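Subject: Structure for you to look over

Hello,

Here is the structure I promised to pass on. Please open it and read the notes below alongside it.

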Amino acid sequence: MIVTIERQKLDSVMNAIRAVSFSEKQEEKTEEEVINSYLDSINDFKNELGNKNKKINEISDGIEALTWLQNKDQEILSQLNELIVLAKDVHATLIRKYISFNNFRQSGIAKNEITEFKQAIDFFKESYSDLECAFFTFPKNNDFVTATKDFEKE
């Protein structure tokens with residue numbers, strides 16, 4: 001009876017080892033395959049970041065174009081204010097995303113793309129800040145208003 005129990009334990013361990021051995025050999029990747037998979041992931045990350053940069057820059061260009069609006073009725077000013085508030089929220093989100101890439105940057109992974117991402121974020125902030133200044137800050141500044149009127153006379 002003791003021999004039977006010991007035999008069952010041995011068989012159980014042998015079956016477990018066989019299963020692990022077989023599955024590991026089936027899933028085994030070569031060093032080259034592991035490296036290629038890693039490099040593919042890095043390339044995917046770079047492409048994704050490039051697409052984000054492009055989208056952010058396009059939005060920034062659109063916001064920048066709005067600074068030249070001539071019609072400044074209350075409805076448009078209200079919408080511009082809402083756009084600026086949303087842009088500030090997006091900017092904060094993008095900064096948090098940039099900070100999350102810190103380990104990649106320090107490791108030299110996608111360094112150029114991450115730098116371009118930061119530049120796109122900075123351009124985005126500049127564009128909505130310019131919009132805010134053009135419609136909400138400068139019109140309340142008497143010196144600016146006077147200078148603008150003097151400039152328009154020339």
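First, the ground rules. This is a predicted model, in which local features need pLDDT of at least 70, side-chain atom pairs count only at pLDDT 80 or more, and totals for chains, interfaces and linings use all residues. Residues are numbered from 1 along each chain as its sequence is written, and side-chain values use heavy atoms, with hydrogens and water left out.

Fold. The chain has 6 helices and 0 strands. Helices here are DSSP runs of H or I of at least four residues, strands are E runs of at least two, and both are numbered from the N terminus. In sequence order the pattern reads α-α-α-α-α-α. Of the 154 residues, 18% are buried. Buried means under 20% relative accessible area, exposed means over 50%, and partly exposed lies in between (1.4 Å probe, protein chains only).

Helix 5 with helix 2. Helix 2 (residues 31-66) packs against helix 5 (residues 111-137) at about 15°, and their axes are 9 Å apart. Axes are lines fitted to C-alpha atoms, for helices over the stretch in contact, and angles run from 0 to 180 degrees between N-to-C directions. The two helices are therefore roughly parallel. The cut-offs: under 35 degrees is roughly parallel, over 145 roughly antiparallel, 65 to 115 roughly perpendicular, and the rest oblique. Helix 2 crosses helix 5 in a left-handed sense. Left-handed means that the near helix is turned anticlockwise from the far one by less than a right angle; clockwise is right-handed. The contact of helix 2 with helix 5 holds 15 nonpolar, 4 polar and 6 charged residues. Ala, Val, Leu, Ile, Met, Phe, Trp, Tyr, Cys and Pro count as nonpolar, Asp, Glu, Lys and Arg as charged, and the others, Gly among them, as polar.

Helix 5 with helix 3. Here the angle is about 160°, with the axes of helix 3 and helix 5 10 Å apart. That pair is therefore roughly antiparallel. The crossing of helix 3 and helix 5 is left-handed. Their contact divides into 17 nonpolar, 2 polar and 5 charged residues.

A pocket is an open set of points on a 1 Å grid over the protein atoms alone, where a 1.4 Å probe fits, with protein on both sides within 12 Å along at least five of seven lines; lining residues have an atom within 4 Å of a point. Helix 2 and helix 3 (74-100) each give at least two lining residues. The lining includes Lys52, Lys55, Ile56, Leu86, Val90 and Phe124. By class, the lining has 9 nonpolar, no polar and 2 charged residues.

Single residues. Phenylalanine 136 sits in helix 5 and is partly exposed, at 22% relative accessibility. Its C-alpha is 9.5 Å from that of leucine 80, 56 residues away in sequence. Alanine 134 is also in helix 5, partly exposed at 25%. Alanine 134 and tryptophan 68 are 66 residues apart in sequence, yet 8.6 Å apart C-alpha to C-alpha.

Alanine 110 is one to check. It has a positive phi of about 55° although it is not a glycine. Most residues other than glycine have a negative phi. Alanine 110 lies in the loop between helix 4 (102-107) and helix 5, and at 4% relative accessibility it is buried.

Best wishes
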